[in-house]
Protein chains: 2
Amino acid sequence: MADTARSDRIELQSLQALDDADPLAAMRERFLLPKNTVYMNGNSLGPLCRDARERMSTVVDSEWGKELIRGWNTAGWYEIAGRLGDKIGRLIGAAPGQTVVSDSTSVNLFKTLAAAVALRPERRRIVTEAGNFPTDLYILDGLSRQMGQDFDVDIRRRDDVFDSIDEQTAVVVLTHVHYLSGAIFPMAEINQRAHDVGAIVVWDLSHSVAAVPTELDATAADFAVGCGYKHLNGGPGAPAFTYAAARHHREMRQPLSGWFGHAEPFVFDDDFVPAQGIRRMLCGTTPVLGASALEASVDLLLEVDPSARHSKAKKLSRIFQELIEQHCAGLGLRLVSPADTEQRGAHISYAHEHGYAVMQNLIAKGVVGDFRAPRGMRFGFSPLFMRYTDLHKAVRTIFEILDSRSYLDSTYQRKQAVT
Amino acid sequence: MADTARSDRIELQSLQALDDADPLAAMRERFLLPKNTVYMNGNSLGPLCRDARERMSTVVDSEWGKELIRGWNTAGWYEIAGRLGDKIGRLIGAAPGQTVVSDSTSVNLFKTLAAAVALRPERRRIVTEAGNFPTDLYILDGLSRQMGQDFDVDIRRRDDVFDSIDEQTAVVVLTHVHYLSGAIFPMAEINQRAHDVGAIVVWDLSHSVAAVPTELDATAADFAVGCGYKHLNGGPGAPAFTYAAARHHREMRQPLSGWFGHAEPFVFDDDFVPAQGIRRMLCGTTPVLGASALEASVDLLLEVDPSARHSKAKKLSRIFQELIEQHCAGLGLRLVSPADTEQRGAHISYAHEHGYAVMQNLIAKGVVGDFRAPRGMRFGFSPLFMRYTDLHKAVRTIFEILDSRSYLDSTYQRKQAVT
């Protein structure tokens with residue numbers, strides 16, 4: 001790119017024109033973003049919005065600080081699990097009363113998997129994908145061990161998943177949008193296939209919610225979980241969510257039967273009686289501080305037309321891909337995501353032999369993506385705060401690093417990397 | 001009291017003298033407390049300290065807001081689970097490397113109970129107390145159901161617990177300080193008894209930590225969990241903690257095997273390999289916002305000599321009890337806590353036929369305790385911010401309400417009460 005000054009200018013102009021015409025452009029001001037940074041990691045940790053910052057100040061100073069214990073009633077803390085759940089429900093195509101906020105994605109996976117296998121007690125087969133997000137596989141392993149290893153956990157290559165769902169299958173557990181490649185599983189088809197053979201599906205929506213159109217009710221989904229700190233912008237370690245279709249509520253039981261999932265938590269009875277409806281998926285006390293930041297961020301997302309969000313994310317992703325193809329060909333990048341933006345979520349990944357060092361070098365230069373072992377460089381597209389012109393800076397920086405091989409500098413060699 | 005003006009003055013003077021001589025008096029200024037309120041509910045939701053408020057502002061504005069994803073490394077988010085665990089360890093007599101912060105008390109109970117029963121696979125008996133904090137019983141029920149109901153869950157009267165621990169017992173699960181009465185189980189004796197017959201003990205320290213001397217290592221404890229939002233002042237729904245004695249680390253496994261409990265979470269391997277040591281008790285991503293408030297509050301507690309804290313709490317509790325006896329005799333209160341402050345934690349409970357309405361009336365008049373069904377009125381003693389003179393206002397208000405029967409006003413009748 002450095003040596004093609006003319007086309008460089010043209011690109012920048014056309015990207016500027018896209019920014020100027022962007023109906024979501026004003027949303028960027030609602031976020032507090034570090035200067036001189038192109039943040040392409042909203043898919044890993046979403047940034048702070050002004051509303052969340054203000055909400056945290058209110059919940060700390062005015063609610064905890066002044067209301068103290070009364071905040072459970074006066075500040076709506078007790079209701080937040082369901083109230084915020086319903087708001088997230090609007091982002092995933094779930095009617096009210098089917099989604100709650102609590103715990104981590106991993107804990108919620110355990111609960112939904114346990115509930116799902118208990119609904120099919122005569123079947124012992126669980127189907128999942130090799131290379132699924134690790135915590136999904138780890139939780140499956142933990143559940144299976146605890147239940148006496150009498151499950152047949154069938155970890156399939158992605159292409160084989162669909163056909164392997166059969167009459168022996170109790171549960172299918174899949175990540176809707178793959179954490180690395182961004183590849184999207186066809187939710188409607190898989191739900192249909194599973195239901196045709198009497199199986200239940202648990203979806204991990206961590207990389208789907210607020211990133212791609214997700215229609216749980218319309219596709220007759222059974223259970224789902226998802227993360228609060230990626231595209232939902234809930235802050236580091238934000239609580240996660242759990243969805244269960246209303247038709248399962250009466251029969252479903254999950255083993256993490258803590259007091260917040262009790263029908264009458266404050267009767268202090270010795271016997272556990274599960275709450276009616278989705279609240280039986282709760283366990284312990286709602287993490288109010290984290291849930292409050294998440295609620296403000298979700299409220300902001302709900303201000304925006306979802307089709308405008310999704311189409312801008314796809315456009316950002318497509319232009320980034322084209323700029324990479326145009327300027328970084330022959331520099332060692334290999335696309336590991338589907339080439340078609342319709343087939344992937346709001347992030348894209350490339351493998352590079354020195355992926356870790358390249359990403360560290362990029363971050364040092366103010367372009368923040370993340371590294372996923374062993375070689376993955378992942379870039380996210382967040383339509384609420386990213387500008388089209390950001391892509392220009394990002395690709396120019398990637399080109400400079402790859403072309404100059406500056407990533408070989410020892411500064412960028414491996415240390416512990418965390419998301 | 002209203003009609004004994006002379007003794008009233010004497011009491012107030014002597015209480016003022018105690019405040020004047022209180023070595024912890026200056027700590028009150030470190031908290032942000034609502035005006036004209038005697039807050040006797042730090043055992044249910046501890047108040048906001050200035051350091052926690054400042055820390056929240058830092059973690060939101062400077063860490064999440066400016067560091068974004070880098071905060072996992074640059075702001076120490078990844079280490080907080082163990083770093084803060086070790087700090088809490090100092091409050092419960094646990095050497096470093098045995099305590100982590102994560103999840104809720106209920107979730108951590110599930111993990112520790114599952115780990116404990118797995119260490120005694122040949123035994124099926126679990127001993128606990130009738131009237132234990134409900135979530136402890138509910139979680140036990142959930143675990144037992146999930147493992148095929150093949151446990152004999154033996155729920156004993158408090159007095160029978162000790163003798164019922166026998167050679168068939170796999171696990172004993174008890175709350176160290178009872179949530180209502182405050183009665184303290186003798187930890188050393190119960191650990192000893194259990195170990196003599198080869199059983200394992202799981203302690204719930206929710207009402208113990210920072211309230212009574214607690215010596216896990218010295219009493220050879222096995223496992224413990226506890227709450228972050230009571231005497232630790234971590235804020236509403238603060239994350240909880242888990243302790244496991246180092247001697248169990250190698251063999252212990254727990255089924256909530258999420259990625260944060262993996263030996264190498266960022267290698268993204270399909271197979272779960274548990275972390276060495278206490279980190280294998282973790283599950284999902286650390287709730288950073290809640291953990292940050294908790295850490296600031298714990299740091300404040302660690303500034304103070306524990307014996308000064310414990311002796312002031314006992315003294316507050318004893319004087320409150322004496323004032324109640326002196327001024328509220330014959331007004332329908334019945335002590336449900338042990339009469340000896342050595343036998344109870346840092347709260348006291350009285351039953352009253354109209355307990356709910358009396359407590360609502362009290363709260364309306366600025367004396368905040370809490371109600372515990374069916375008749376319990378509970379008052380906590382928090383040595384860092386309570387003054388001896390607060391007890392005077394509290395007991396005078398209790399007397400006025402009971403004597404005038406103002407609690408019969410419909411304003412104070414039952415609505416949903418929450419802690």
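How many strands form the open sheet of chain B, and in what order? There are 7, arranged as β2-β8-β7-β6-β5-β3-β4, and their pairing is mixed. Keep in mind as we go that this is a predicted model.

Going from strand to neighbouring strand, the turn is 20 degrees on average, direction ignored.

Now move inward to β5(B). This strand is mostly covered, with 7 of its 7 residues buried. On one hand, β5(B) pairs with β3 (residues 125-129) of chain B in the parallel sense, over 4 bridges, and here B:Ile126 stands opposite B:Val171. On the other hand, β5(B) runs parallel to β6(B), and 5 bridges join the two; B:Val173 has B:Val202 in β6(B) as its bridge partner. Carry on from β6 (residues 200-204) of chain B to β7 (residues 223-226) of chain B and you'll find another parallel pairing, this time over 3 bridges. Look there for B:Trp203, whose bridge partner in β7(B) is B:Ala224.

α5(B) packs on it and touches β5 (169-175), β6, β7 and β8 (240-244) of chain B, with a direction at about 170 degrees to that of β7(B).

What about the nonpolar core? In soluble globular proteins, nonpolar side chains tend to be buried together. Here the largest nonpolar core has 256 residues, and A:Leu113, A:Val171, B:Leu113 and B:Val171 touch the most other members. Take A:Val171 as an example: leaving aside neighbours within four places in sequence, its contacts include A:Leu113, A:Ala116, A:Val117 and A:Ile126, along with A:Arg120. A:Ala199, A:Ile200 and A:Val202 are also in contact with A:Val171.

Back in chain B, have a look at helix α11 (residues 355-364). Of its 10 residues, 8 are buried, so the helix is largely enclosed by the rest of the structure. The buried stretch holds B:Gly355, B:Tyr356, B:Ala357, B:Val358, B:Met359, B:Gln360, B:Asn361 and B:Leu362. What do they pack against? Their partners are the strands β10 (347-351), β11 (367-368), β12 and β13 (376-380), plus the helix α12 (388-404), of chain B. Just after α11(B) comes B:Gly366, with a positive phi of about 90 degrees.

Next, zoom out to the two chains together. Their contact takes 72 residues from chain B and 73 residues from chain A. On chain B's side, α2 (50-67), α3 (71-74), α5 (105-118), α6 (134-146), α9 (288-302) and β12 (370-372) each supply at least two residues. Which of them gives the most? That's α6(B), with 10 residues. By class, this side of chain B has 40 nonpolar, 22 polar and 10 charged residues.

Finally, chain A can be viewed by its domains. The domain assignment gives domain 1 (5-50 + 305-412) and domain 2 (78-302), and their C-alpha centres lie 30 Å apart. Where they touch, 24 residues come from domain 1 of chain A and 21 residues from domain 2 of chain A. On the domain 1 side, α10 (306-327), β10 (347-351) and β13 (376-380) of chain A each supply at least two residues, and β10(A) gives the most, with 3 residues. That side divides into 8 nonpolar, 12 polar and 4 charged residues.

Key. Residues are numbered from 1 along each chain as its sequence is written. Chains are lettered from A and ligands numbered from 1 in the order in which they are written. This is a predicted model: local features need pLDDT of at least 70, side-chain atom pairs count only at pLDDT 80 or more; totals for chains, interfaces and linings use all residues. Domain bounds come from an automatic or database domain assignment. Two residues are in contact if their C-beta atoms, placed from the backbone, lie within 7 Å. Ala, Val, Leu, Ile, Met, Phe, Trp, Tyr, Cys and Pro count as nonpolar, Asp, Glu, Lys and Arg as charged, and the others, Gly among them, as polar. Two strands pair if DSSP finds at least two bridges between them. Axes are lines fitted to C-alpha atoms, for helices over the stretch in contact, and angles run from 0 to 180 degrees between N-to-C directions. A nonpolar core is a set of buried Ala, Val, Leu, Ile, Met, Phe, Trp, Tyr and Cys residues joined through C-beta atoms within 7 Å. A residue is buried if 20 or more other C-beta atoms lie within 10 Å of its own, exposed if 12 or fewer, and partly exposed in between; C-beta atoms are placed from the backbone.
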